[in-house]
Amino acid sequence: MSGIDQARWDILAQAQGIPLYKALGGAGRASVPVYGSKVYTADPAAMAKQAKEKVDGGHRAIKIQIGRSAERGGWRGDVEVTRAIREAVGPTVDIGADVNDAYGAGTEIKACTEQGEQDRRLNEEPGVPDAIHRAGEGPSGPTHRRTRA
């Protein structure tokens, strides 16, 4: 149904000879904030450097890739890299993170609690919602792996 709805709005705009955003009521604001996406998984120093480059390029917000494997330090490695990035970009830059479903519920709670002092604004895909039964998992690191394409 959403495809049909989108097509109807597009037809309406075309029939009136106006851009779609005007058919939908016009621009609601003069600008839209964006973030620098994305700072990809690497060692903490390399990720901090990537983040700093995005901020130096004008971004006031960034999204980082976390959800490290146990071999790369697991959720504790994520905490370490988040600290390195916060130190590199300073306190005024918003940091979001894409965790790629790497955490079970227990790990998600521990990792977010530890990373809270870094004032991260977003955790995208911290874990799959139906994995809440994992709340009692051990602190050894992520136990859930992404299974969707």
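In this predicted model, Asp98 is in contact (heavy atoms within 4.5 Å) with Lys38, Lys63, Ile64, Gln65, Ile66, Glu124 and Glu125, when its neighbours within four places in sequence are left aside. Asp98 lies in strand 3, where helices (H or I, at least four residues) and strands (E, at least two) are DSSP runs numbered from the N terminus. With a relative accessible area of 4%, Asp98 is buried, a class defined as under 20% relative accessible area, with exposed meaning over 50% and partly exposed in between (1.4 Å probe, protein chains only). Residues are numbered from 1 along each chain as its sequence is written, and side-chain values use heavy atoms, with hydrogens and water left out. Because the model is predicted, local features need pLDDT of at least 70 and side-chain atom pairs count only at pLDDT 80 or more, whereas totals for chains, interfaces and linings use all residues.Gln65, one of the contacts of Asp98, lies in strand 2 and is likewise buried, at a relative accessible area of 9%. The side chain of Gln65 makes a polar contact with the side chain of Lys38 at 2.9 Å, a polar contact being a pair of N or O atoms within 3.5 Å, of which, within protein, one must be able to donate a hydrogen and the other to accept it, while residues adjacent in sequence count only if both atoms are side-chain atoms. The side chain of Gln65 also reaches the backbone oxygen of Asp98, at 3.5 Å. Not counting residues up to four places away in sequence, Gln65 touches Lys38, Val39, Tyr40, Thr41, Met47, Asp98 and Asn100. The C-alpha atoms of Gln65 and Ala97 are separated by 5.8 Å, although these residues are 32 apart along the chain. Lys38, the side-chain partner of Gln65, is placed in strand 1 (residues 36-39), and the peptide bond that joins Ser37 and Lys38 is cis, with omega at about 5°.

Ile66 is in turn one of the residues with the most contacts inside the largest nonpolar core, together with Met47, Ile62, Ile64, Ile85, Val89 and Tyr103. This core has 21 residues, a nonpolar core being a set of buried Ala, Val, Leu, Ile, Met, Phe, Trp, Tyr and Cys residues joined through side-chain atoms within 4.5 Å. At least two residues of the core are supplied by each of helix 3, strand 2 (61-65), helix 4 and strand 3 (94-98), and helix 4 gives the most, with five residues.

Two packed helices are described by the angle between their axes and the distance between the axes. Helix 3 (residues 44-56) and helix 4 (residues 74-89) pack at about 35°, and their axes are 8 Å apart; the axes are lines fitted to C-alpha atoms, for helices over the stretch in contact, and angles run from 0 to 180 degrees between N-to-C directions. The crossing of helix 3 and helix 4 is right-handed, a term for a near helix turned clockwise from the far one by less than a right angle, left-handed being the anticlockwise case. In this contact, Pro44, Met47, Ala48, Ala51, Lys52 and Val55 of helix 3 meet Glu80, Val81, Ala84, Ile85, Ala88 and Val89 of helix 4. The contact has 10 nonpolar, no polar and two charged residues, where Ala, Val, Leu, Ile, Met, Phe, Trp, Tyr, Cys and Pro count as nonpolar, Asp, Glu, Lys and Arg as charged, and the others, Gly among them, as polar.

In helix 5 (residues 105-115), the buried residues are Ala105, Gly106, Thr107, Ala111 and Gln115, and what covers them includes helix 4 and strand 4 (120-124). For the protein as a whole, the secondary structure comes to five helices and four strands, and the elements run α-α-β-α-β-α-β-α-β from the N terminus on. Of the 149 residues in the protein, 36% are buried. Among contacts with a separation of 6 or more, 72% are accounted for by residues 24 or more positions apart.
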